[in-house]
Amino acid sequence: MNRKHSATPEAALEPPMVEVVIEIPRGSFLKRGSNGHIDFVSPLPCPFNYGSVPKLLGLDDDLLDALVLGPRLDVGTRLRVQAWGAVTLIDRGMRDDKLVCSEYAPSLPMRDAVLRFFRLYAKCKGLLNFYRRRPGLNACAGWCEATDALARARPRSDSWTGSTIAF
């Protein structure tokens, strides 16, 4: 994590830099997991580039999720980008943080759009989990600091071969 203090007290700390690998390009209908396999075909296109931080695991025992705002990126694109915050999703009762990354700080309307998307996504995921007979609460718990989401993550070990939790 890279954090620089400013000379002026009212200036914010630099957001952390993370490496993200894109799994789902903006506009794609294919939802892929961190293993590259297609989880499902969505009726709606993904509004963001969606991927993960390959060196960190979230509390759901899968790679830490990250979305990258901006133009469409190809599957497999690796980039170092600033994490400006995170959205906390509850999926079957498990906390599943999603870092919100971009070259520039997202505007308040963009943050609201990200939260609206994940509120809808949580409802849709709840229906999918009901259909798959996977119980537990599905909800969007809101926005948090990227540093909080990163503090909850743990380093990925070389022996990790994928999440033990069925998605």
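Okay, a strand here is a DSSP run of E with at least two residues, a helix is a run of H or I with at least four residues, and both are numbered from the N terminus. With that in hand, look at D61, which sits in the loop between β4 and β5.

Quick housekeeping. This is a predicted model, so local features need pLDDT of at least 70 and side-chain atom pairs count only at pLDDT 80 or more, while totals for chains, interfaces and linings use all residues. Residues are numbered from 1 along each chain as its sequence is written, and side-chain values use heavy atoms, with hydrogens and water left out.

Back to D61. Its phi is positive, about 65°, although D61 is not a glycine. Why point that out? Because most residues other than glycine have a negative phi. D61 also counts as buried, at 14% relative accessibility. Buried means under 20% relative accessible area, exposed means over 50%, and partly exposed is in between, using a 1.4 Å probe and protein chains only.

Where else does a positive phi turn up? R133 has one too, near 60°, and R133 is not a glycine either. R133 lies in the loop between α1 (108-131) and β8 (138-144). At 74% relative accessibility, R133 counts as exposed.

Now α1 itself. Its 24 residues should span 34 Å at 1.5 Å a residue, and the end C-alpha atoms are 35 Å apart, which agrees. The expected span is 1.5 Å times one less than the number of residues in the helix. Which residues of α1 are buried? Those are V114, L115, F118, Y121, A122, K125 and N129. The cover over them includes β2 (30-32), β4, β5, β6, β7 and β8.

On to the cores. A nonpolar core is a set of buried Ala, Val, Leu, Ile, Met, Phe, Trp, Tyr and Cys residues joined through side-chain atoms within 4.5 Å. The largest one has 18 residues, and V18, V20, V53, L64, L99 and C101 touch the most other members. Elements giving two or more residues to this core are β1 (17-24), β4 (49-57), β5 (63-68), β6 (78-91), β7 (94-102) and α2 (146-152). Apart from this core lies another, of 16 residues, including C46, V114, L115 and F118.

Let's zoom in on L64. Contact means heavy atoms within 4.5 Å. Leaving aside neighbours within four places in sequence, the contacts of L64 include V53, L56, L57, L99 and L150.

Next, D96, over in strand β7. Is D96 buried or exposed? Buried, with a relative accessible area of 7%. Its side chain makes a polar contact with the side chain of K98, at 2.9 Å. A polar contact is a pair of N or O atoms within 3.5 Å; within protein, one must be able to donate a hydrogen and the other to accept it, and residues adjacent in sequence count only if both atoms are side-chain atoms. Not counting residues up to four places away, D96 touches D60, D65, V87, T88 and L89.

Last stop, cysteines. How many disulfides are there? The count is 0, where a disulfide is a pair of cysteine sulfur atoms within 2.5 Å. For C46, the nearest cysteine sulfur is that of C124, 12 Å away. C46 is buried, at 15%, and C124 is partly exposed, at 42%.
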